[in-house]
Amino acid sequence: EDGGPQPEKHCGHGRGGMGEEVKRKEDQRFITGRGNYVDDIKKPDMLHCEIVRSPHAHARIENIDKSRALDVDGVVAVLTADDLREYDLATMPTLMADTQDVLVNDKVKFQSQEVAAVIATDRYTAKDGAQKVVVDYDVLEPVVDAEKSLEDDAPLIRDDIEGQEDNHCLDWETGDEEATAEAFENADVTVKEQMLYQRLHPAPIETCGAVGDYDPGKDKLTVHMTSQAPHIHRTLFAQVSGIPEHKIRIVSPDVGGGFGNKVPIYPGYVVAAAASYVLEQPVKWVEERSENIQSTGFARDYDMTGELAATDDGEILAVRTDVLADHGAYNAVAQPSKFPAGFFNIFTGSYDIDTAYGSLTAAYTNTAPGGVAYRCSFRVTEAVYLIERMVKVLADELGMDPVEIRRKNFIQPEQFPYESPTGWNYDSGDYEGALDKALEMADYDHYREEQQRRIDEDADTLLGIGISSFTEVVGAGPGKTCDIAGVEMFDSAEIRVHPTGNATVRVGVQTQGQGHETTFAQIVAEELGMDVEDITVEHGDTDTDPYGLGTYGSRSTPVAGAAAAVASRKVREKAKAIAANELEAAKEDITWDRESGEFHVAGAPDRSISITEIAAGAYMNHPSSEEPGLEAVNYYDPPEMTYPFGSYIVVVEVDRETGEVEFEKFVAVDDCGNRINPMIIEGQIHGGLAQGIGTAMLEHVTFDDNGNVTGGDFMNYLLPTSMEIPNFETGHTVTPSPHHPIGAKGVGESPTVGSPPAIVNAVVDAMSHAGITHVEMPMTPDTVWEKLDEAGLAT
Ligand code: PCD
């Protein structure tokens, strides 16, 4: 009866179940301006908080004079570390067990670090007050470059850590060093390339913010905050503040984009909550754009060396990589605690490579902390960039077509479940299938000919074709290997079917724009034979939702999506008992028909009953063998992660005079297993590809030698706009996950993970006939022009 929905077969029971392009329920509210974001929240007597930030990257604080700020009419309080220390809140743990100052205790470690907080009756007064806080700094020499920070004479950043004598943060390694070295010695061919995955910043439309709202009557602290993970944030708030967890409520209302930026806890949240507790009035803190870019979690900043060893005919024997990671001033990476380098060790990618070794050193620098998973399952993006770039480098070295070298090395469909040399268990895949589809859509052969024609005719523009055949690992847990601050990474769903036949579904994950209010309703509609319109999905409130670990790392579908399916099936089981009672049959004789969504007596399809009638029966005529009511909850600990994949083909035109790059064609074929909502998936792909283009072409958080952030606002940190985005052609294949209850894998991150190497490969490909092997991101016209010049191709 119940093998779960079959690929592509489940479309069109017409109830808005799996595979149907249901319009997003939440969009009515967003499009008509009725969303409810943190900054929309207004409370009686609400105060406003403005944070005083350090203009210096490295400086000791000699004195903070609050008096002039306190003189400003409307300023209620000025808080510094000394005030927070009274409540034991001067520091807070990061998700990687480092200790970060909430407000600087002694020494500033990065520009824009939080020094003091001014609380006032309105936002403008708070800002005026903040400008009147006088801080005396003893300015120290900063170091903003990971390589320089590891030099002997570099200034020590973390003198707050006992025994810390240099700026070394951590070392990590994976794979078999010796076997890999041996493979390299015996190989016909080896290639090596150094590449920087530059520092990026996730840039959600909504910046971070919070409204702390302590109710002294109930002795309860409510914090409305921009959180991708409300439950774990509540647990951490409880641990840090000593307030019992049931006396804390975290509400994450509508969130205007997360992208990994809203996973960590930031000082602003703590200050707003603490100020509200102390002043017994609601306190709002909402940061500005430049504060968001300059002080909240950055992403990437991995300086990677990649090496491949291969045979003459292109069989890859081994991969080796060494990484220098910049972690900023604190180790505040947001990733499962047992994975100091995230899931970077997936760097063997889609290829059946026997031997691999990776090593990594991380350094502290005088820059904002981070290393968050920006549209990336914990460093998968860096890993995919490394291997997909290296395959292109190897293809060029061997004079092979990058398609052929991929075909030769792909893990084959029959090899799944596949164990990689660094210990991952891939669930399913058909990499060649996705590549074939992309090749067909991209008219590959035609563009190869056109490329050659332009070279032969010495044309003004060169053509480059780039491919990326990526594999991800998304959907953390399992709980035994993955935890955040000790809490296992399961997830949850609770379903309550009401007497009149509609339902409320609550999940432990929290949407930030992905469309969960629609897709989770679709899963339940599919599994219960209900109409999607009859189901409301709730999330983001720790008082009412079941505990969950939140939305990031494309884990909602793999984990909470599974929980929603399993909880639905529990409801279905109980529904059978009620159906039996209503139809006067034995429970064992009741079957459920996915097509009609009805329950009927086996062999007698006309004796059937819908879930609506069953709901009534559960409350109005329940059988004596059952409790009344119709609800279920499931906490799902996934047995494995899921491995979505895809093949992207990008054709670019490179102007030999200006170095400008234009997209000629952009094909993205994705496979996320069984698809819940194809329209939402396409939207996810479009958005993520735009972010991939930003990564490859525009974005970089830069610093000068004095530690000033020179890429800390939208004048200097360039996001792609509709002007830079080409027409995307999307396609898909369907390879279900064998262990997921509905065969689905994640998809939200795939485009950002898969596209940068395809784009860089395309630009390199335009110049590889002249010996160019790499172009560093972001590939601005001047960067590209320098490469053209180096290759003698510039005109
Ligand atoms: N899906 C379907 N089907 C399948 C899968 C999936 O339909 N098979 C869909 C779902 O349901 C949802 C989406 O799609 O709705 C997605 O999903 P996923 O993949 O599972 O994911 P999630 O968890 O939900 O989410 C997350 C992601 C991430 S991670 C990111 S960054 C981003 C993305 O998501 N973000 C965002 N997307 C998006 N969108 C929007 N609008 N917004 C946002 O913010 Mo991280 O780690 O956090 O960094």
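This is a predicted model: local features need pLDDT of at least 70, side-chain atom pairs count only at pLDDT 80 or more; totals for chains, interfaces and linings use all residues.
## Helix H11 and its buried side

Helix H11 covers residues 402-409, and its buried residues are Pro402, Val403, Ile405, Arg406 and Asn409. These residues span an arc of only 165 degrees around the axis, so they lie on the same side of H11. An α-helix has 3.6 residues a turn, so residues three or four places apart point the same way.

Several elements pack against the buried residues of H11. The helices among them are H10 (380-398), H12 (431-442), H13 (444-456) and H18 (750-767). Strand E16 (316-326) and strand E21 (461-471) pack against these buried residues too. The N-terminal end of H11 is capped by Asp401, which has a side-chain oxygen 2.7 Å from the backbone nitrogen of Val403.

## How H11 meets H12

How do H11 and H12 run relative to each other, roughly parallel or roughly antiparallel? Their axes cross at roughly 160 degrees and come within 10 Å. Angles over 145 degrees count as roughly antiparallel, and H11 and H12 are therefore roughly antiparallel to each other. The crossing of these two helices is left-handed.

On the H11 side, the residues that meet H12 are Val403, Arg406 and Arg407. On the H12 side, they are Glu432, Leu435, Asp436 and Leu439. Of the H11 residues named here, Val403 and Arg406 are also listed among the buried residues of H11.

## How H10 meets H18

H10 and H18, which both pack against the buried residues of H11, also pack against each other, at an angle of about 25 degrees. Their axes are 8 Å apart. Angles under 35 degrees count as roughly parallel, and H10 and H18 are therefore roughly parallel to each other. The crossing of H10 and H18 is right-handed.

From H10, the residues in contact are Val380, Thr381, Val384, Tyr385, Glu388, Arg389, Lys392 and Asp396. From H18, they are Thr752, Val753, Pro756, Pro757, Val760, Asn761, Val764 and Asp765.

Gln522 is in helix H14, which covers residues 516-528. Is Gln522 buried or exposed? Its relative accessible area is 0%, and buried means under 20%, so Gln522 is buried. A polar atom of the Gln522 side chain lies 2.9 Å from the backbone oxygen of Glu20. The side chain of Gln522 also reaches the backbone oxygen of Ile676, at 3.4 Å. With residues up to four places away in sequence left out, Gln522 touches Gly16, Gly17, Met18, Glu20, Val22, Val532, Ile676 and Asn677.

Ser568 is in helix H15, residues 556-583. Ser568 is also buried, with 0% relative accessibility. Not counting residues up to four places away in sequence, Ser568 touches Ile495, Val524, Glu527 and Leu528.

Gly475 has a relative accessibility of 1% and counts as buried. Leaving aside neighbours within four places in sequence, Gly475 is in contact with Gly553, Ser554, Arg555, Pro558, Val559, Pro638 and Met641. Gly475 and Leu70 are 405 residues apart in sequence, and their C-alpha atoms are 49 Å apart in space.

Gly477 lies in the loop between E21 and E22 as well. The peptide bond from Ala476 to Gly477 is cis, with omega near 0 degrees.

## Other backbone exceptions

Most residues other than glycine have a negative phi, and most peptide bonds are trans. A further cis bond runs from Phe416 to Pro417, with omega near -5 degrees. Pro417 is in the loop between H11 and strand E19 (418-419).

Ala97 is not a glycine, yet its phi is positive, about 65 degrees. Ala97 lies in the loop between strand E4 (91-93) and strand E5 (99-101), and is exposed, with a relative accessible area of 70%. Arg300, also not a glycine, has a positive phi of about 65 degrees. Arg300 lies in strand E15, residues 298-310, and is buried, with a relative accessible area of 0%.

Note on methods:
Residues are numbered from 1 along each chain as its sequence is written. Side-chain values use heavy atoms; hydrogens and water are left out. Buried means under 20% relative accessible area, exposed over 50%, partly exposed in between (1.4 Å probe, protein chains only). Helices (H or I, at least four residues) and strands (E, at least two) are DSSP runs, numbered from the N terminus. The arc is that of the directions from the helix axis to the C-beta atoms. Contact means heavy atoms within 4.5 Å. A polar contact is a pair of N or O atoms within 3.5 Å; within protein, one must be able to donate a hydrogen and the other to accept it, and residues adjacent in sequence count only if both atoms are side-chain atoms. Axes are lines fitted to C-alpha atoms, for helices over the stretch in contact, and angles run from 0 to 180 degrees between N-to-C directions. Angles under 35 degrees count as roughly parallel, over 145 as roughly antiparallel, 65 to 115 as roughly perpendicular and the rest as oblique. A crossing is left-handed if the near helix is turned anticlockwise from the far one by less than a right angle, and right-handed if clockwise.
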